[in-house]
Amino acid sequence: MASTVSRECDVAVVGAGLSGLTAARRLAGRGKKVIVLEARNRVGGRTESVRLGNGAVGDLGAAFLGGPHHKLMALVAELGLAMDKHPGLGDSMAWIGGKAVRYASYDANLDDEAEADIAQGLERLDAIGKSMDLTAPWQHPDAETLDRINFAEWIERTLHTEGGRRVFNKMVTAILGVASSEMSALHVAWFYGTTDSFATAITNRDGGWDYSLRDGAQEMSNAMARALGDRVILGKPVHRIEHDGAVVRIFADDVLVRAKRVIVALPLHLTGRIRYVPPMPAARDAIVQRAALPTLSRALVRYETPFWRQEGLSGTALTDHLAPLLVVDNSPADGTCGVLAAYSDGAAGRQAWKLTPKAREKQTIDILVRAFGPAAARYLEYVERNWSDEEFTRGGATPMFGPGVWTSFGPAFAAPVGHIFWAGADTATCWNSFLEGAVQAADRAVDEVLASLA
Ligand SMILES: Cc1cc2nc3c(=O)[nH]c(=O)nc-3n(C[C@H](O)[C@H](O)[C@H](O)COP(=O)(O)OP(=O)(O)OC[C@H]3O[C@@H](n4cnc5c(N)ncnc54)[C@H](O)[C@@H]3O)c2cc1C
């Protein structure tokens, strides 16, 4: 039987994703002795950069960042990593109701009344987010009313045209990965509030999708891990945290870390798979159990060139029932090839993952051909990652709270429990569940830890 290795530090960090490593780096910079325990044999979590067949870098997880991501941009600059700007030009394609539609903005083939309806719906959604204390959405004056209904009901009550409702539903839920009937209206308003507005969240013109990292998004974590050296321990899933005394004991297979404080930087729902002694308060356990991540996979399709640009197309495509539901241009800036990234989420994603790999690949290519023409059939490579199958992620970008969660358990969302502190993008109150959120949540947890040690 392997003997247990015991180590001591000021602050232990569980999870070497962007959030955990940012926290560890900041604490080390403040002279604290840190140890990071990571379950996988790699760092980066939901960022995973791979070499494609022609040597170009491809991101199977997060890929994009933007100007409003102030903390993230500062981190990228500190790490000395190169970024490339997304071309972001051209029309998009939608395959809605069995018909291909070319459009310059979201307003695919809508009449003036439906367009005005969508505009007023977005204004009202953004207004709720802006009037909210994003650290305490349950305190919003309309919190009870908004948290009692799902987002599909909110759309029915707020939008008045059939076309407006259909497109609004599709576009607002496109990056959330679950049906609007599964989410609380309060939660959706809060989520887009954390990104400032719906428009900022989705646009690649001064929004969250303007840039990508030249060496891939995972390089942020790789660079921080290299600097931390043997303070990052890979291949050690933490399964138990004892926090009954002045010292916290963190158990990960054959490693035991004793620390004054611990920051747990995991997807919110995975924090519930660790055993805590003494156990978590009931409200913390309840909110964590309701924070599952939606189904999400991302495929990369490589071409000789980004041929769609010659047709004046941006590479963005939306479909309304078969996965992939969203396609975006993720080509390297050096022009060595064209890459389309195809996202499959929600019910359509689950349907796609019942298919054989070959049939799923064919379904994706068929949709690309419908959107971008026969040239889309002449692809050179197809790679995919199903994040729901990953034991140490189990789903997509953002946990979606159903009705009643915020107003019943909200204060337990990110509140420290004794010497245990919570980071991870899922706990962010600025760009929740984005890369920026991972950094913001790390900064908040580090501030809390330093204050508690002072
Ligand atoms: C397909 C996809 C596309 C995305 N696209 C974008 C995008 O373009 N832009 C953007 O801003 N965001 C995007 N995101 C979201 C972004 O990836 C995440 O917000 C961010 O990477 C989360 O970082 P994190 O450190 O909080 O969590 P994670 O990256 O999930 O890191 C958590 C770490 O904890 C580890 N772990 C889990 N359990 C244990 C355990 N028991 N013990 C020890 N370690 C454990 C995991 O292995 C992992 O390394 C995307 C996400 C996905 C899945």
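Biologist: In which sense, left-handed or right-handed, does α1 cross α9?

Modeller: A crossing is left-handed if the near helix is turned anticlockwise from the far one by less than a right angle, and right-handed if clockwise. Helix α1 passes α9 in a left-handed crossing. Helices (H or I, at least four residues) and strands (E, at least two) are DSSP runs, numbered from the N terminus. Please note that this is a predicted model: local features need pLDDT of at least 70 and side-chain atom pairs count only at pLDDT 80 or more, while totals for chains, interfaces and linings use all residues. Residues are numbered from 1 along each chain as its sequence is written.

Biologist: At what angle do α1 and α9 pack, and which residues meet?

Modeller: Axes are lines fitted to C-alpha atoms, for helices over the stretch in contact, and angles run from 0 to 180 degrees between N-to-C directions. For α1 and helix α9 (residues 218–228) the angle is about 35°, and the axes lie 10 Å apart. Residues are in contact if their C-beta atoms, placed from the backbone, lie within 7 Å. On the α1 side, Leu-18, Leu-21, Thr-22, Ala-24, Arg-25 and Ala-28 meet Met-220, Ser-221, Met-224, Ala-225, Ala-227 and Leu-228 of α9. This contact of α1 with α9 comprises 9 nonpolar, 2 polar and 1 charged residues; Ala, Val, Leu, Ile, Met, Phe, Trp, Tyr, Cys and Pro count as nonpolar, Asp, Glu, Lys and Arg as charged, and the others, Gly among them, as polar.

Biologist: How does α1 pack against α14?

Modeller: Helix α1 (residues 18–29) packs on helix α14 (residues 435–453) at about 40°, with axes 8 Å apart. That makes α1 oblique to α14, since angles under 35 degrees count as roughly parallel, over 145 as roughly antiparallel, 65 to 115 as roughly perpendicular and the rest as oblique. The crossing of α1 and α14 is right-handed. Its contact divides into 10 nonpolar, 2 polar and 2 charged residues.

Biologist: Which angle does α2 make with α14?

Modeller: The axes of helix α2 (residues 70–79) and α14 cross at roughly 85° and come within 7 Å. Helix α2 is therefore roughly perpendicular to α14. Lys-71, Leu-72 and Leu-75 of α2 make the contact with Leu-435, Glu-436, Val-439, Gln-440 and Asp-443 of α14.

Biologist: Let us turn to strands. In what order do the strands of the open sheet stand?

Modeller: Strands of a sheet pair through backbone hydrogen bonds, either parallel or antiparallel. Here two strands count as paired if DSSP finds at least two bridges between them. The open sheet has 3 strands in the order β5-β9-β6, with antiparallel pairing. Strands β5 (64–65) and β6 (83–85) stand at the edges with a single partner each, so one side of each has no neighbour in the sheet. Strand β6 is joined to β9 (residues 211–213) by 3 bridges, and Met-83 has Leu-213 in β9 as its bridge partner.

Biologist: What are the partners of β1?

Modeller: Strand β1 (residues 5–14) pairs in the parallel sense with β13 (residues 255–264) over 9 bridges, and Val-5 stands opposite Val-255 there. Strand β1 also pairs in the parallel sense with β2 (residues 34–37), over 4 bridges.

Biologist: Which residues come nearest the ligand?

Modeller: A residue is near a molecule if its C-beta atom, placed from the backbone, lies within 6 Å of it. There are 40 residues around the ligand, and Gly-15, Gly-17, Gly-45, Arg-46 and Ala-62 come nearest. The elements α1, β5, β15 (296–303) and α14 each supply at least two residues of this shell.

Note on methods. Two residues are in contact if their C-beta atoms, placed from the backbone, lie within 7 Å.
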